[in-house]
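Please keep the sequence and the model in view while I talk.

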Amino acid sequence: MGTWSSRGLRGSTLEDLINHTNERYREGGLALIQKIPTPITPIEIDKENRHITLAYFGQKSTVDYIGVVQGIPVCFDAKECHADTFPLQNVHEHQVAFMEAFERQGGIAFLVIYYTHRDEIYYLPFARLREFWDRQESGGRKSFRLEEIDHAYRLPVKNGIFIHYLEGIKKDLKNR
């Protein structure tokens, strides 16, 4: 068995830490955010062990998380990036369309991006994602660089919460 390391997100997935954050927010009455399961259609099931052994994704998922923060509808997707350049192919067109429609209805949409090699997490407002997406659609870069992100949106570890995205939402609301 490996040794435990307190540095960064090692030994835990981004999703696990967001789920933990969501639980802490719920317990504190700050937010109610749920993970949206990806719909699958089982093809083969091992009846003896009661496990799905073969399946396919039944439909396109929207985003990873959806809920409400102090009366404000919120949706976001969590992404990991292993370099300073984030490929836009990691975000799907139907996700951008969903987030755009969500914001038109008065909600807030964003990405949580974990730059694994730097051990840094950022909140990317949908408006900024849309700019990068539009640039790609008009023949420009199919990615964006870490230096293009507003570093004021770096998410701190605070009060035992590893991915304190409420800080990003607060900045996002202030900058609208």
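Predicted model: local features only at pLDDT ≥ 70, side-chain atom pairs only at ≥ 80, totals over all residues.

**A loop glycine and its surroundings**

Let me begin with Gly-160, which lies in the loop between strand 9 (143-145) and helix 4 (165-174); helices here are DSSP runs of H or I with at least four residues, strands are runs of E with at least two, and both are numbered from the N terminus. Residues are numbered from 1 along each chain as its sequence is written, and side-chain values use heavy atoms, with hydrogens and water left out.

Is Gly-160 buried, exposed or partly exposed? Its relative accessibility is 41%, so Gly-160 counts as partly exposed, where buried means under 20% relative accessible area, exposed means over 50%, and partly exposed is in between, using a 1.4 Å probe and protein chains only. If we leave aside neighbours within four places in sequence, Gly-160 is in contact with His-20 and Arg-24, contact meaning heavy atoms within 4.5 Å. Gly-160 and His-20 are 140 residues apart in sequence, and their C-alpha atoms are 9.9 Å apart in space.

The loop between strand 9 and helix 4 also holds Glu-148. With a relative accessible area of 17%, Glu-148 is buried. Again leaving aside neighbours within four places in sequence, Glu-148 is in contact with Arg-128, Phe-132, Arg-135 and Arg-141. Of these, Arg-128 is 20 residues from Glu-148 along the chain, with 9.5 Å between the C-alpha atoms.

Now let us step back to the chain as a whole. The protein chain has four helices and nine strands, and from the N terminus on its elements run α-β-β-β-β-β-β-α-β-β-α-β-α. Of the 176 residues in the protein chain, 36% are buried. When we take the contacts between residues at least 6 apart in sequence, 63% of them join residues at least 24 apart.

Next, a pair of helices. Two packed helices are described by the angle between their axes and the distance between the axes. Helix 2 (residues 93-104) and helix 3 (residues 126-137) pack at an angle of about 140°, and their axes are 11 Å apart; axes are lines fitted to C-alpha atoms, for helices over the stretch in contact, and angles run from 0 to 180 degrees between N-to-C directions. That angle makes helix 2 oblique to helix 3, since angles under 35 degrees count as roughly parallel, over 145 as roughly antiparallel, 65 to 115 as roughly perpendicular, and the rest as oblique. On the helix 2 side, Glu-93, Val-96, Met-99, Glu-100 and Glu-103 meet Phe-126, Leu-129, Arg-130 and Trp-133 of helix 3.

Finally, two residues with positive phi. Gln-70 is not a glycine, yet its phi is positive at about 50°. Gln-70 sits in the loop between strand 4 (65-69) and strand 5 (72-81), and it is exposed, with a relative accessible area of 57%. Asp-119, also a residue other than glycine, has a positive phi near 60°. Asp-119 is found in the loop between strand 7 (108-115) and strand 8 (120-125), and at 22% relative accessibility it counts as partly exposed.
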